[in-house]
Amino acid sequence: MLKTTDICSLSCFNDKQIFYDEFEKIKTNSTTEIKIPLKVGEYFINYSPVGNYPDKPHVIICGKTTSDKSHELFVKALKNGKSMHEACFSSIYANGMRDNLFEYLSKIGLFDYLSKIVSYWETNDPKTKWNGMFENLDNSLDSGIQLTQAFNCAILHPVKKSAEPPKKVFRNVQNEIGCFFKHFRFSNQLKLIIFLDTPTKDGRFHQIDFWKNDPTLSNKNVKMISITHPSNQNRIIFNNLDDLTQMKSNKKENAIRIFNEAKSTIDDLSDELK
């Protein structure tokens with residue numbers, strides 16, 4: 001059974017009992033959120049470690065941070081008597097994002113690759129298997145994929161809610177409590193980390209750059225790629241996955257580049273199995 005300390009050291013709570021008191025309030029409907037005792041500028045932080053936690057994943061798929069909607073779903077699941085793990089894995093990604101992400105991962109060949117190394121993906125219907133990861137805990141753990149975030153709490157603005165915080169906010173959170181990527185499940189089986197992002201030359205927080213610049217992380221012997229984040233703001237990309245060259249958008253060049261890099265990386269992993 002997954003415990004809170006399996007996910008997070010609770011280093012942000014000087015008094016661990018504060019956390020457990022808040023956690024109990026959730027179960028008894030005395031509160032609707034678990035607040036982290038850290039405020040960064042205007043932003044506040046809520047505990048919601050959404051995703052799944054298989055022991056030895058072959059692939060990690062990593063977003064940036066939890067949304068307010070995911071936090072609400074996480075809390076609702078706990079209120080309904082779900083276990084910690086059930087609340088975590090059932091709360092990640094809204095349905096539209098799940099569908100977009102499946103289509104992208106399918107186009108770059110991830111499921112074909114996984115079918116050669118994970119029995120769960122030995123199927124002619126990977127979409128059903130993908131959906132099953134969000135509906136059944138055993139399926140989620142058997143999939144060989146860890147679904148998670150770089151930071152397993154929600155960084156929320158009092159007005160904008162889940163609007164992406166500036167890069168300095170992520171940096172300040174890391175400086176204060178230092179828990180980026182701390183919940184990743186590493187083992188000799190891990191071959192690939194997929195970051196959900198659209199890397200561009202801007203001042204935003206890009207997980208892959210943070211990873212590469214931290215030697216304690218980048219020394220891990222795994223391949224890394226960034227792919228287009230499956231949010232609605234990138235809908236035009238996901239609507240044109242069959243032929244990105246036909247897309248009429250200033251995002252086209254970058255979308256094609258990262259798609260080709262991702263597909264090439266997975267092709268290389270597949271070739272290593274021959």
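User: Which elements each supply at least two residues of the lining of the largest pocket?

Analyst: Strand 3 (59-66), helix 3 (68-79) and strand 4 (145-156). Helices (H or I, at least four residues) and strands (E, at least two) are DSSP runs, numbered from the N terminus. It's a predicted model, where local features need pLDDT of at least 70, side-chain atom pairs count only at pLDDT 80 or more, and totals for chains, interfaces and linings use all residues. Residues are numbered from 1 along each chain as its sequence is written, and side-chain values use heavy atoms, leaving out hydrogens and water.

User: What makes up that lining by class?

Analyst: For the largest pocket, 10 nonpolar, 15 polar and eight charged residues. Here Ala, Val, Leu, Ile, Met, Phe, Trp, Tyr, Cys and Pro count as nonpolar, Asp, Glu, Lys and Arg as charged, and the others, Gly among them, as polar.

User: And the second largest pocket: which element gives the largest share of its lining?

Analyst: Helix 13, with five residues. Helix 10, strand 6 (223-227) and helix 13 (252-271) each supply at least two. By class, the second largest pocket's lining has six nonpolar, four polar and six charged residues.

User: Phe210 sits in helix 10 (residues 207-212). Why is Phe210 called partly exposed?

Analyst: Its relative accessibility is 24%. Buried means under 20% relative accessible area and exposed over 50%, with partly exposed in between (1.4 Å probe, protein chains only), so Phe210 counts as partly exposed.

User: How far is Phe210 from Lys107 in space?

Analyst: 27 Å, C-alpha to C-alpha, and the two are 103 residues apart in sequence.
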